[in-house]
Amino acid sequence: MSRRSGILEFAVLGLLREAPMHGYELRKRLNTSLGVFRAFSYGSLYPCLKTLVQRGWLTEEHEPARPAQESEREALSPSLSGRRGKIVYKLTAAGKEHFEELLSQTGPDAWEDEHFGVRFAFFGQTSRDVRMRVLEGRRSRLEERLAKMRASLARTRERLDDYTLELQRHGMESVEREVRWLTELIESERTGRDLEAGSDSGPPPRRTGAGDAGNRTRHRGTAPPGESGDTA
């Protein structure tokens with residue numbers, strides 16, 4: 001399974017954990033809530049859904065088509081609509097368990113450019129300890145990238161023209177912004193954890209999730225700082 005298809009499966013399971021959806025609605029959520037999937041089409045989504053059904057992580061239920069749905073059905077691929085009406089996909093108990101296992105993973109894949117944005121979008125369903133490890137891993141990875149960029153610029157500065165030099169500086173500034181953003185999030189998570197540990201009464205402070213955590217610095221559905229294609 002490719003890394004990109006694995007990210008799509010993760011996102012599909014996460015969205016269906018919130019509520020059952022049909023293919024057209026699921027694609028819209030992938031496009032609007034998780035910007036990294038804007039380029040995905042039914043050609044990618046439908047095989048992914050079928051695979052998840054075969055593995056027992058999703059079930060399919062057919063909704064009878066109604067006249068009011070005709071215009072919407074025309075927008076679907078024939079395999080997702082047809083004469084049977086829309087197919088509603090639901091997460092099974094096994095699918096929920098599998099998604100929770102994926103949420104608990106904190107290895108290097110969770111820190112990479114493409115996967116990190118999707119993981120961050122589901123932080124509202126992720127435990128605090130896992131969030132901390134993913135954020136710290138991402139920051140460490142970017143700090144390594146930033147050190148390499150600075151070393152490379154120091155070696156080649158005299159050989160670069162003004163425009164190439166400015167492009168290099170722009171890339172470094174983008175990485176620096178994301179490092180600062182991650183540091184703020186880590187401190188916020190750490191402060192919240194300390195408050196919970198030191199509270200003897202009353203509920204713990206409400207923690208931010210996928211949508212409102214990012215709203216301190218960005219709107220939901222847009223990439224975190226530095227996720228627009230910065231490379232080392």
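Reply: A helix axis is a line fitted to C-alpha atoms over the stretch in contact, and the angle between two axes runs from 0 to 180 degrees between N-to-C directions. Two packed helices are described by that angle together with the distance between the axes. The model is a predicted one.

The part to look at is the pair α6 and α7. Helix α6 covers residues 113-121 and α7 covers residues 128-156. Their axes are 12 Å apart and meet at an angle of about 150°. An angle over 145 degrees counts as roughly antiparallel, and α6 and α7 are therefore roughly antiparallel to each other. The crossing of these two helices is left-handed.

Next come the residues at the contact. On the α6 side they are D113, F116 and R119. On the α7 side, V130, V134, L135, R138 and R145 meet them.

A pair of aromatic rings is described by the distance of the centres and the angle of the planes. The whole structure holds 7 aromatic pairs. One of them is F99 with F122, whose centres are 5.9 Å apart and whose planes stand at 80°, an edge-to-face arrangement. F99 sits in helix α5, residues 93-103, while F122 sits in the loop between α6 and α7. The two are 23 residues apart, and the pair links distant parts of the chain. F99 and F122 are both buried.

F116 has a ring partner of its own in W181. The ring centres of F116 and W181 are 6.4 Å apart and the planes are at 90°, so this pair too is edge-to-face. Because F116 belongs to α6 and W181 to helix α8 (residues 162-198), the pair ties together parts that are 65 residues apart in sequence. F116 and W181 are both buried. These two residues also belong to one aromatic cluster, along with F120 and F123.

The rest of the protein gives the setting. It has 9 helices and 3 strands, and the elements run α-β-α-α-β-α-β-α-α-α-α-α from the N terminus on. The strands form an open antiparallel sheet in the order β1-β3-β2. β1 (21-22) and β2 (58-62) are at the edges with a single partner strand each, so one side of each has no neighbour in the sheet.

The link between β2 and β3 (residues 87-91) consists of 5 bridges. In it, E61 has V88 as its bridge partner, and T59 stands opposite K90. β1 and β3 are joined by 2 bridges, and here H22 is partnered with V88. V88 of β3 is therefore a bridge partner on both sides, to E61 and to H22. Also in β3 is I87, which counts as buried at 2% relative accessibility.

For the protein as a whole, 42% of the 232 residues count as buried. Of the contacts between residues at least 6 apart in sequence, 69% join residues at least 24 apart.

Conventions:
Residues numbered from 1 in each chain as written. Predicted model: local features only at pLDDT ≥ 70, side-chain atom pairs only at ≥ 80, totals over all residues. Heavy atoms only, no water. Helix = DSSP H or I, 4+ residues; strand = E, 2+ residues; numbered from the N terminus. Buried < 20%, exposed > 50% of the residue type's maximum accessible area, 1.4 Å probe, protein only. Phe/Tyr/Trp six-rings, centres within 6.5 Å; stacked < 30°, edge-to-face > 60°. Parallel < 35°, antiparallel > 145°, perpendicular 65-115°, else oblique. Left-handed = near helix turned anticlockwise from the far one by under 90°. Contact = heavy atoms within 4.5 Å.
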